[in-house]
Amino acid sequence: VGTMRDLCFIALLASAQGLHVARAPALRPARAAGLLMKEPPTKPIAAETNAEAEDGSGGLRQLLGLKGASVDDGKSFLNWKIRLQLMKPATWIPLIWGVACGAAASGNYHAIWNLFGAAPTTDSWGVVGEDTLKAVGAMLLSGPILCGFTQTINDWYDRELDAINEPNRPIPSGAISEAEVYSQIAALLIGGLVLATRLDSWAANDWPVITLIASFGSLMAYIYSAPPLKLKAEGWLGTYALGSSYIALPWLCGHAMFSASTITPQEVVLTVLYSIAGLGIAIVNDFKSIEGDRALGMNSLPVAFGIDTAKYICVASIDLTQLGVAAYLYAIGETTYAAVLFGLVLPQMFAQLTFIQDPVANDVKYQAAAQPFLVFGILCTALAIGHHTF
């Protein structure tokens, strides 16, 4: 985990970028011949989003999987730049943060400050070091490996949609071949499940909780993106599946790394509730793809309900969930944490005043302004759970 201070900085950085994916800009015809895909049904209608950033950050944006990426020269060893871009590292941040929140909720994670009297106290640098490495292992599993798997498989099954919305993404542009995509998916999936089993052993869990979480998350990633189920085309169901995968699963993984037996039903319910807030964040990301979703019959909420209705569903799911959690924390006697959480909701509501005026144009601006307060609210809730005795 390092320190919570470092994680806060990383989360703020990711939130400022809005956790949006990159648009890989270069065509590589030699690789394009290996792709089995249909021609784009229409001319690109989101080409303006694919321009390289003018501030010189295009190379970094490519590696992080953000908008405004630079053109890849195709000379990187094993095509690693495109492979990394396909895994969208910027999207790993919420899962890494979720692991940190789960560790905090366990009440058993020992950081440096616990050497100086903060609960849970310890006088051993060895304990602090081992707990740090345990948390890093869980973060590696949840972020780079399994989130990377999710993003890669999602891009593969979205290749026709991306040919409309984001034609310069690695797969529709031909920057990576079909064989390379398949090998990446297999390596990430197998590597993730192997690492999960090792983490269960390290955590001395009586049941392979982390392995079960990793297996369930991998299954959800597949059925979210792939036919015949393709949950992402099913409106509410797909959006909630995405939100729960980004909040509940990494949280529970982080807790299980520090004693799975202490996970309570109340904590599980809270992670499920926060997944409703994650549903709202997922809707924010759907506004930018509404043209392509509509063209290919993807029943996202903005398509199903229209932009005006979907924007209010979005902000309501974010706000009501957090206010409900704050009320619950107050009811169980964690009044300080409840007050802090309530205070963190208010700036989000203020940012929504601009967002609802034009959610398509203001999606990135809203996430940059509001998401830092959301992620700190999740951490506040986790600390309350770790502090409370059920």
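**Group meeting: the largest pocket**

Hi everyone, let's start with the lining of the largest pocket: by class, 10 residues are nonpolar, 5 are polar and none is charged. Here Ala, Val, Leu, Ile, Met, Phe, Trp, Tyr, Cys and Pro count as nonpolar, Asp, Glu, Lys and Arg as charged, and the others, Gly among them, as polar.

Before going on, this is a predicted model, where local features need pLDDT of at least 70 and side-chain atom pairs pLDDT 80 or more, while totals for chains, interfaces and linings use all residues. Residues are numbered from 1 along each chain as its sequence is written, and side-chain values use heavy atoms, leaving out hydrogens and water.

What do we mean by a pocket? On a 1 Å grid over the protein atoms alone, a pocket is an open set of points where a 1.4 Å probe fits, with protein on both sides within 12 Å along at least five of seven lines; lining residues have an atom within 4 Å of a point.

Of the 15 lining residues, Ala104, Tyr109, Ala119, Pro120 and Leu383 lie nearest the centre of the largest pocket. Helix 17 (363-387) gives the most to this lining, 3 residues, and helix 5 also supplies at least two. Helices are DSSP runs of H or I, at least four residues, numbered from the N terminus.

Now, Ala104: buried or exposed? Ala104 sits in helix 5 (residues 93-106) and is buried, because its relative accessible area is 14%, and buried means under 20% with a 1.4 Å probe, protein chains only.

Definitions and conventions
Buried < 20%, exposed > 50% of the residue type's maximum accessible area, 1.4 Å probe, protein only.
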